[in-house]
Amino acid sequence: MRPDPFRADDTVTAPASAEKAHAVASEDGAAAGEESGDDQRSRPWGLTLLAAAVAAVIVVPVAWIGVMALTVDLERALSIVFRPMTFEILTNTLVLITLVTTFSVLIGVPLAILTVLTDLPFRRFWLAALALPLVIPSYTSAYAFISIWGPHGLAQSLVEPLGITSLPELYGMPGTVAILTLYNYPFVFITTVAALRAFDKTYIDAARTLENNLFGVFREVVLPMTKPAIAAGALLAALETAGDFGVPAMLRLNVFTRQIYVEHNALSHDYAAMLSLHLVAITLVILVLEYAVREHRTIHGGSRGGSRSYTFHLGAWKWPALAVCAAIVGLAVVLPVSVLLWWLVRGPETYVGAFGFRLEYALNSVSVSLLAALAAVVLALPVAYLSARYRSLASTVLERATYVGFAVPGVVIGLSLVYFGSAYAPTLYQTIPLLVFAYVVLYLPLAVGAARTAFLYVNPRFVEAARSLGCPPRTAFRRVTLPLVVPGLVAGGALVFLHGMKELPATLLLRPAGFDSLATFIWMAERNAYYGYAAVPALVLVCVSALAIVGVLPGDGTSLWRRVRRRIGTKRMNPTNQNEETTERDDTDPFSRSGGQPTRTRSATDGGNPVRADTPNRSRSDSEGAPVLELECVTKSYGARPAVSDLSLSVQEGELLTLLGPSGCGKTTTLRLIAGLVRPDSGTVRIREKSVADAADETFVPSEDRDVGIVFQDFALFPHKTVAENVAFGLGDRDGAGEDGQPADETVDDLLELVGLSDYRDRFPDELSGGQKQRIALARSLAPEPDVLLLDEPLSNLDAGLRVRMRETVSEILDRVDVTAVWVTHDQTEALSVGDRTAVMIDGEIAQADSPRALFMRPESRAVADFLGQASYLPGRQNGTGVVETPIGTLDGDRIALQSGAERGGYTDREQPQEHNDSGNGSDNDASNNNVANESTSLDLDLLLRPDDISITDSTSDSASDSTPDIADGRIVHRQFTGSTVRYRVVLESTSGLENTQSVGQSDEDNAGGAPVLECRCSHETWYEVGTPVSVSITASHAVPAFPL
Amino acid sequence: MVSGCLGLGDDESDVLGDPTYREGRPDPGGVSMEEMPDLNGDLTIYSGRSQPRIGELIEYVEAQYDDLTIEVRYDDTADLISTIETESETPADVFYGSETQSMTHLKDEGYTVELPDEVVELVDTGSVDPDGHWTGFTRRFRAVAYNRDAYDADELPDDIFAYAEDERFRGDIMWPPDQGSFQAFITSMRLLHGEDETRSWIRSMIDDQDIEASPGGDSALAQAVGDGEVSVGLTNHYVVRDHGGDSVGLAFTSDDAGAMYNVTGGTVMADSDDTETAANFVRHMLSAEAQEYFATTTWEYPVIDGVAPLEELPGTDEFEPPEFDLNELDDPDPTLELLREENVL
């Protein structure tokens, strides 16, 4: 995966499943505002000042225009502004901008879809070719069009024999719109291409199953997902159109730029400045419009790796598609280049003495443009980073401010710099540095836009991962963020470079005397209509710029880089492995190879044992020391909504605690609190008895200074680093890895062996399968030997079968290294099977923390019961003797375990009901007996029945060999055959006075008017038809949990 | 005063200007550069004329003196004027204008100094600032470019106002309204014939003659005439050197604005560190060599006695230019206003 440059604003690469999407929205979404935790607390003043300085650099020259405009004679100014022609100019300008922008979108977006999502032949060629119009200077192309389409041009002479005497008029609005569209659609094209490449293609799969035609898919999924990217491209196209002088001038369309030049040529640059203010105003309106369209969802790309490419098959549509692409490239690129070649062939026509092209001009153009590109990228960094990472009015205004001068003609900005240069920096005036600076002022928005989207694309998880591996924020920026945004910066720089190569007016004003660039030379030649002389430099300009197009295009530039990296770092690699593009199957089990059998006992073997005698899921040394991790009364709110409230939790040495809860319950926030990515509002977090966060005394140890490792849901492997580099990432900066005699290299080898991926050390993350990524993420977190390892939904990005295998693999690895770990999951099977202890979290609070079996068999509350597995409730009434009457018969008092006694005053704080009271069938139920003794009257209860706690028999069957005739307790309303078992849903006959308050609510139509409903799991041999009257009995050998009503 | 070969053409590689047209011409009269004071030091020239026109000449002058360095800033006249007005102190020693308006503008704003008498007195009186702040180097006439296939020279009127009335030109005539030289021509028409007559001429051109605007200034206009897109165009005489080909002929009107001329020329900047050298550079542009260069290479009319215009052009005795002070072209505002009011701009 590569962060695509124009990956436009705010495109979401959200998780594929709705459930996960919800999780992101509710939990991460809230956290996203928090992003880098403690940094967020205070505005980054340094960065803001830096960005403000950059914005000022742009705004000051533009503001000078305003000052100049104030010097005009008011009467004349008013007469210019209010003459009827101004209205026409304004209308022309607005219509031109609107039409060009609209057509650019209408052309750019379908072309992007064609080149990214279809099997268009020669896709890569078209991708580059369709971006090429960017390299053609508009002043050259307009000449070309006029000479071909003009009244006596080539086109006319071709159609004349056919009896067509006049072609449609090129001059005026239609021609201007057509030509500007041809040269501005690439902005939309490249931003859309980047967005399409980046977004998760599983959405298309999902949509195709729901929509029956392809256009529906595009309308409902592709377009909304790429809308911000399209808006970003349209913004550039609109501003370029607003500021373009050459084409409207040559095609005789009266727009503001043309009027500005008329005033300028009449030596009244103050009026030119005044008219420029119109353009500034139009720019502001466009900026606001784009800001409104740009969506402000939580953003950034995924961090789990690239998504595969997707292909629609064009079939016969291939030919029209090819024809359209060819027509556009032909018109926009081939035609003007042909005209240049024609000029070249025809040669210089007149004697012009000392005038001639020199290679030096090309070098001048390239070097100044390169310098400008570099400077623009450097200056764009603070603005883009601030705007992408810290959303606020200030950051938005600073970012938008860099655009204000974009549509102002270069001559006006140039004059402004003449003023500042000659007055305040005379030594720099008419030197290369000031010229470079002018380019920066003119084209900074191009770099800011590209850099901003690149920053947005860097998932904050990468930074968090780096910080959890010991990097302070600055180091994390340098080692992770910066490398990841490089392609975006290169794209921004390349765009600045392209524009710099073509720039003319400011170059003329600010260049050193005797300095000629390609553009000034072409201008000089074309000004005198010496087209023969313009041919060579124009062709050189086009060719050099075409090389830079590679940088603008999002895409495959990384493959070359990787090949180089591999060659350097390949010493350990098995060369055959390197070349075959096999994606290792996910079921590679590290332990089947490495031989060492894990020592582990499974929980499933303890059948009917009492809960008290529960064996832990994993064998580990039970150290009864101080807890490694302790949370005490921790509260964290996002806005008014508490994500975690008054949470206390402790984890012992070597223990694996699973934190289980429904989506949005606050478990991820809890994890982030432990990791130091989020500050608690109140409460204390202690690691090894040292307070790392205490709201009371403002203690806060940032993530990088806590010995905590994190495995993220989406792995967050650094995409620019190899597997080995990822694993070694945390070793360099923490505690001097090499000091204890173990070089980082060996640690990496050991860990890769531990996770069974030694052969993959030089692969890049996007070349790994999901399971492999997961194991690498684990190895990376384990490398610095953290005190506590945090796993955030580590398996949820894997498909179902793999999830089960990885569950075992991961828990075995954790077992081997004997690390203390907190594992967050919403998957109960996962939580119950891997945890030594499981904490169920509901609505920001720990509902219950206990051994997995105890949780399941002795839930303290209905919420816990409902969350863990299938729960049916059977209403009952306990009389004074302890016997419970139910619709299906009576139950002795010792067969139930009364829960949630606290509601009725049964429990007190000193009693830990689950730890001490529960017992199973062997020992008596003190709690319930006590309760019964205290209550003289009867007690209404709901008995919690799991599907395999009960059995059913056909009450009409004769085979019932019982002495007592079966009474039908209820009727089967639903049957589901799952293979080894059959699930039945039984509606009981209503018994007066025994109403159950809660029932299994899958489908209400099966719920016969409030009558109790039981779910029952039977062996596959038991087979009853729906409607069969059945008798129900409780077969559970353990005490049935009962909740008082 | 008449010099010999002046070092021109002795050696083929040393030829200044377009050899095609230099051949066969009599040796130029006037003062040779050799007789002028030497030029030393660094000179900065802001030139509204472009490098293809004067680059060779400037380099030639620079090559004559070992201690002379000339830096030329080639740009649009408007850019240069705006630059000078914006700069806190201009580095320019000489402003080289392609018309008088810019020079008059600089003079009026106090950016220039008076030229020495020995420079000014070289020039024909009609081509120099009466106050002596600027001098013309060459003269450029307004002319009517016509397509030789459509007309012969003697079929065309010698009265500019006839072009607005003659039905032959209806829908078949072009002008370049956004060009400074055209606007200067309108200014001169206002000065010579009055505001009302000018306005009605413009109206007739638009309403009756359905005049076309040039797509790309004078060169495109000449091309359009050459291609037969239109038969007649109002332009500058020198345009036909490069554009339109052999099918374009030139006609002049007589004693009206249609035959007005403007001059290219130079003025010395007050901010110059060495106004004397600057003035001597201006003087060099009036030398026999320079004037001969202009006549043969840019096809312009010389401003000194002794150098004749190119044979391909009508001699100055064949038509009668109007008389007026070129400084009066300076204020373009009423002209622009007029053009805007008539929706020409």
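I looked up residues 362-552 of chain A in this predicted model, and found that the end C-alpha atoms of the span lie 21 Å apart, with 81% helix and 0% strand, where helices (H or I, at least four residues) and strands (E, at least two) are DSSP runs numbered from the N terminus. The UniProt record, an unreviewed entry, lists residues 90-290 and 362-552 of chain A for "domain: ABC transmembrane type-1"; its positions follow the numbering used here, feature names are shortened, and annotations may be inferred rather than shown by experiment.

I noted that residues are numbered from 1 along each chain as its sequence is written, and that chains are lettered from A and ligands numbered from 1 in the order written. Local features need pLDDT of at least 70, side-chain atom pairs count only at pLDDT 80 or more, and totals for chains, interfaces and linings use all residues.

Next I turned to strand β3 (residues 94-97) of chain B, from which B:V94 and B:Y96 point one way and B:F95 and B:G97 the other. All are buried, meaning that 20 or more other C-beta atoms, placed from the backbone, lie within 10 Å of the residue's own. β3(B) pairs (at least two DSSP bridges) in the parallel sense with β1 (residues 41-47) of chain B over three bridges, and B:S47 stands opposite B:Y96. Four bridges join β3(B) to the antiparallel β10 (residues 261-269) of chain B, where B:V268 stands opposite B:V94.

Last, I checked the contact between the chains (C-beta atoms, placed from the backbone, within 7 Å), which takes 41 residues from chain B and 35 residues from chain A. On the side of chain B that touches chain A, α3(B) gives the largest share, six residues.

Terms used
Buried ≥ 20, exposed ≤ 12 C-beta atoms within 10 Å, placed from the backbone. Contact = placed C-beta atoms within 7 Å.
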